[in-house]
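Hi,

Here is the structure I promised to pass on.

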Amino acid sequence: MLFLFPREQIQFFWMKNTPIPLDMIFINRESIIAGIIHQTIPFSTESLSVRAPSQFVLEIKGGLARHNGIEIGDRVRFEGISLEGIKD
């Protein structure tokens with residue numbers, strides 16, 4: 001799932017209603033990965049965030065970020081998604 005926010009800022013998430021572990025990839029307005037939370041804990045109400053501001057957050061199956069070599073600083077390309085009105 002991809003979350004699109006109107007502006008770049010520190011984003012907070014929780015796993016309260018999510019039954020599977022996820023990797024959360026935080027992406028800044030320049031489409032650079034600003035942070036990753038690996039293998040979140042299902043059903044947790046702990047507030048999750050990274051230290052760097054982000055405008056987009058991509059949730060993927062837990063473990064896929066490490067498995068695919070996705071790292072902080074990598075550039076992200078959005079395809080088939082309109083960012084009109086979201087991204088300068």
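**What I found**

Glu59 lies in strand S4, so let me start there, with strands and helices being DSSP runs numbered from the N terminus (strands E, at least two residues; helices H or I, at least four). A word on the ground rules: this is a predicted model, where local features need pLDDT of at least 70 and side-chain atom pairs count only at pLDDT 80 or more, while totals for chains, interfaces and linings use all residues. Residues are numbered from 1 along each chain as its sequence is written, and side-chain values use heavy atoms, leaving out hydrogens and water.

Back to Glu59. This residue is buried but has no salt bridge, and the nearest side chain of opposite charge, Lys61, is 15 Å away. Buried here means under 20% relative accessible area, exposed is over 50%, and partly exposed is in between (1.4 Å probe, protein chains only). A salt bridge needs a side-chain nitrogen of Lys or Arg within 4 Å of a carboxyl oxygen of Asp or Glu. For charge, Lys and Arg count as positive and Asp and Glu as negative, with His and the chain ends not counted. Not counting residues up to four places away in sequence, Glu59 touches Met1, Phe3, Phe13, Leu22, Asp23 and Met24 (contact is heavy atoms within 4.5 Å). Met24 is also the bridge partner of Glu59.

**The sheet**

That pair belongs to S2 (residues 22-27) and S4 (residues 54-61), antiparallel strands joined by 6 bridges. Strands count as paired if DSSP finds at least two bridges between them. The open sheet has 4 strands in the order S1-S4-S2-S3, with antiparallel pairing. At its edges are S1 (2-9) and S3 (33-37), each pairing on one side only. On average, neighbouring strands are turned by 20° against each other, direction ignored; the axes are lines fitted to C-alpha atoms (for helices, over the stretch in contact), and angles run from 0 to 180 degrees between N-to-C directions.

S3 is mostly covered, with 5 of its 5 residues buried. It runs antiparallel to S2, with 4 bridges between S2 and S3, and Phe26 has Gly35 in S3 as its bridge partner. The hairpin of S2 and S3 has 5 residues between the strands, and Ser31 there takes a positive phi near 65°.

**Loops and cores**

Thr40 sits in the loop between S3 and S4 and is buried, at 5% relative accessible area. Lys16, in the loop between S1 and S2, is partly exposed at 39%. Leaving aside neighbours within four places in sequence, Lys16 is in contact with Phe43, Ser44 and Thr45.

The largest nonpolar core has 10 residues, including Ile25, Ile36, Phe56 and Leu83. S2, S3 and S4 each supply at least two residues of this core. Apart from it lies another core, of 9 residues, among them Leu22, Leu48, Val50 and Val57. (A nonpolar core is a set of buried Ala, Val, Leu, Ile, Met, Phe, Trp, Tyr and Cys residues joined through side-chain atoms within 4.5 Å.)

**The salt bridge**

How many salt bridges does the structure hold? There is 1. Arg77 forms a salt bridge with Glu79, with the closest N and O atoms 2.6 Å apart. Arg77 is exposed at 69% relative accessible area, and Glu79 is exposed at 55%.

Cheers
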